[in-house]
Amino acid sequence: MELQEKITILSGAARYDASCASSGCSSDTPRRGTGNTSQGGICHSWADDGRCISLLKILLSNDCRYDCAYCVNRSSNPVPRASFTAREVVDLTMDFYRRNYIEGLFLSSAVNVSPDHTMEAMVRVAEILRNEERFGGYIHLKIIPGSSPELVRRAGLAADRISVNIELPSSESLRRLAPQKSKEAILAPMKLIGAEAGVSLVERRKSRKAPRFAPAGQSTQMIIGASPETDLQILRLSQGLYQRMNLKRVYYSAFVPVNDDNRLPVLAAPPLLREHRLYQADWLLRFYGFSAEEILSDDAPNLDESFDPKTAWALRNPGFFPVEVNRADYATLLRVPGIGVTSARRIIAARRFAPISPEGMKKIGVVMKRAKYFITCSGRPFERTDQQPARLRQSLLLGDGTEAKVPRQLVLPGLG
Amino acid sequence: MPRITLHNLLIPIVPNVPTVPFSKIHRRTPMNKFLYDGTPEGLVSAIASILDGGGDPAQAHLAVRQDTLFEEGLFLRTDPAAAEALFQRLRQGAPDAVYTLWYFMMAEVDDLETSLLRYIALAFEHGDRVNGYLTHADVKAIVATARKAGRELHRMKGLLRFEQLRDGTWLARMEPDHNIIQPLAQHFSKRLRGQTWFIYDVRRRSAAHWNGRDLSFGTLEQFTRPELSEEEKAVRQMWQSFFKTIAIPERKNPRLQKSNMPAKYWKYLTEKQGE
Ligand code: SF4
């Protein structure tokens, strides 16, 4: 098979993977080698779906033994199959990197022959890149559930980031839709990675020469909308992963129906808005000091369609507002809808010089369309803040308080 | 971040500034309008003269000399030593402001001299906290301009494309809005240090060259792109296939693509050839 054709098959099979980040970790590059990793993530291109391309995201093989209901590559699907040799992936990575097409490689694979067989082949790609090509760019390896601890260790030593897909938000769903994968086979490598990374950090504090273990940390991904879990269940799961497993990132991927299967829901369109809201809520967990229980409750376990999760929280907690921008501390500012990390920092930096006026807020770049309902500047409100909750909802919805349009409907090919 | 010198600020912009001995300006000049020769070094030196001469930055105006008959204002000659002294003092008192100044210079704007003067005066007064004083119109103007340059630099680190030539060296062409070739070349001297390459700014005819050990800068008056290597064509095709298939067909979104990657950058993007 031509290399070109393999690329088409094996990048096409990898495209539903949500994670694109190649971010935030510096590396000691071998002196004569090629490449480094950069702080703060560089995007090299944007694909036709508008997503950032920073890595050669590809499968080593799509020839799968397993039969997960939601997956294009499942063994019962009649799709063309292909597998790369290690050399082919190494050369592609180097050829693309030298031209500045990419930050590095993101290698995943279907389960070919056995988990260990596949994992070993993937680890070999990373090891050739590091040891023979002296490649200093970014490498992200997916861990195949069920692969041996030894291979997980080797993967962590060669890669910047490793990840195990949690796939679905509950073990019942996993049993139903991905019967060959077990919760244990997923959680065991996650725990191992967390432990090894911790050991490496301690060792490196003693000696800079100690080996680095997945210095960019561990992430995971789950499919949203293929199974019946609520958003609260999903956020609780993520919260646990951040707090107990020390994960860097959880990715959510709106379920795109690619197979006919009576175990799967029939959706008019992939739940893109829900995916978007989950990312917003996830952001609140990681950077804004919210807990899953503040964002959702057992009575209202799903995220609001009309409002972003922070605005929804603000509407439920009118007692917290208005917030006085010239006095509130950082954590309080962050709770104001429309004020993000950057705006909060800017407010604090600017008010050291003089109290900030309403015009000043605009000058320093705070977007006021939602914030204006929730703040005062030296006691002066922007909008009548004594509005009844129902009225406030209306203003936010009808006025210019709404956010940029999020795609709800997909334009299907041929129908658009 | 690399260590910046005044030299960094000046190199890419105007190479040969004639140096004229510094003449001290009158302490109590009745006018508060000042002119300089339009070079970056002249700008820094003029700011030094005004601040050292005890001028009130909040009242002063600084602009490029146009040499018209009716032009009013005191012309400040370029004094490299004064420029250097101001720069050193700024680096001591407000290192972040030096980065802002560096990025500001990349923007090559020529109507913000007065704002720059006031910004630097405030930087001496407040140190690095000055960059947070965004409610001040002059600070805002300088910081926003510098930020735009910084954003394009960051973007170009991803969008620059290297092509392999017949003789095995590599070439990357670009037409950025800001004069970012110097920090961009520094970035690639770390990333692609095993290759020999050129970066060429087509709009400014300036070039950076990395020979595997050292970085040098210059200008190229005549430029024709040499032949590409055989391998280059094959790799380009593979990249184009990858680019096409990695997008999720059910989620096509050309508007989002364009807002992230404006069409002005497509000219040299391998994956956007023939669109
Ligand atoms: S193991 Fe992976 S590739 Fe194979 S069917 Fe399941 S999800 Fe798809």
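1. A polar contact is a pair of N or O atoms within 3.5 Å; within protein, one must be able to donate a hydrogen and the other to accept it, and residues adjacent in sequence count only if both atoms are side-chain atoms. Here is a case to look up in chain B: the side chain of B:T245 comes to 2.7 Å from the backbone oxygen of B:S241.

2. Before going on, please note that this is a predicted model, in which local features need pLDDT of at least 70 and side-chain atom pairs count only at pLDDT 80 or more, while totals for chains, interfaces and linings use all residues. Residues are numbered from 1 along each chain as its sequence is written, chains are lettered from A and ligands numbered from 1 in the order in which they are written, and side-chain values use heavy atoms, with hydrogens and water left out.

3. Let us stay with B:T245 for a moment. This residue is found in helix α8 of chain B; helices (H or I, at least four residues) and strands (E, at least two) are DSSP runs, numbered from the N terminus. Is B:T245 buried or exposed? B:T245 is buried, with a relative accessible area of 14%, where buried means under 20% relative accessible area, exposed over 50%, and partly exposed in between (1.4 Å probe, protein chains only). Leaving aside residues up to four places away in sequence, B:T245 touches A:I7, A:T8, A:S11, A:G12 and A:R15, a contact being heavy atoms within 4.5 Å.

4. Now for the interface as a whole. The size of an interface is often given as the accessible area lost when the parts come together. For chain B and chain A the buried area is about 5100 Å², with 58% of it on carbon and sulfur atoms; buried area is the accessible area (1.4 Å probe) that two parts lose on being put together, summed over both. Of the area that chain B buries against chain A, B:R191, B:E250 and B:R251 supply 16%, more than any other three residues. The contact involves 57 residues from chain A and 53 residues from chain B.

5. How many salt bridges are there between chain B and chain A? The count is three, taking a salt bridge as a side-chain nitrogen of Lys or Arg within 4 Å of a carboxyl oxygen of Asp or Glu. B:R191 and A:E103 form a salt bridge through their side chains, at 2.4 Å from N to O.

6. Which elements of chain B give two or more residues to the side that touches chain A? They are α6 (137-159), β4 (162-164), α7 (181-191), α8 (230-246) and α9 (254-260). Helix α8(B) gives the most, with 12 residues. By type, that side of chain B has 21 nonpolar, 16 polar and 16 charged residues. In this scheme Ala, Val, Leu, Ile, Met, Phe, Trp, Tyr, Cys and Pro count as nonpolar, Asp, Glu, Lys and Arg as charged, and the others, Gly among them, as polar.

7. B:Q195 sits in the loop between α7 and β6 of chain B and counts as buried, at 5% relative accessibility. A polar atom of the B:Q195 side chain lies 3.3 Å from the backbone oxygen of A:R98.

8. Turning to the ligand, the residues around it are A:C64, A:Y66, A:C68, A:C71, A:N73, A:R74, A:A110, A:V111 and A:K181, each with a heavy atom within 4 Å of it. This shell divides into six nonpolar, one polar and two charged residues.

9. Some backbone details deserve a check. Most residues other than glycine have a negative phi, and most peptide bonds are trans. A:N246 is not a glycine, yet its phi is positive, about 60°. A:N246 lies in the loop between α7 (231-244) and β8 (249-254) of chain A and is exposed, with a relative accessible area of 62%. B:R205 also has a positive phi, about 55°, without being a glycine; B:R205 is in the loop between β6 (197-201) and β7 (206-210) of chain B. A cis peptide bond, with omega about 0°, joins A:F321 and A:P322.

10. Finally, chain B overall: it has nine helices and eight strands, and 51% of its 275 residues count as buried.
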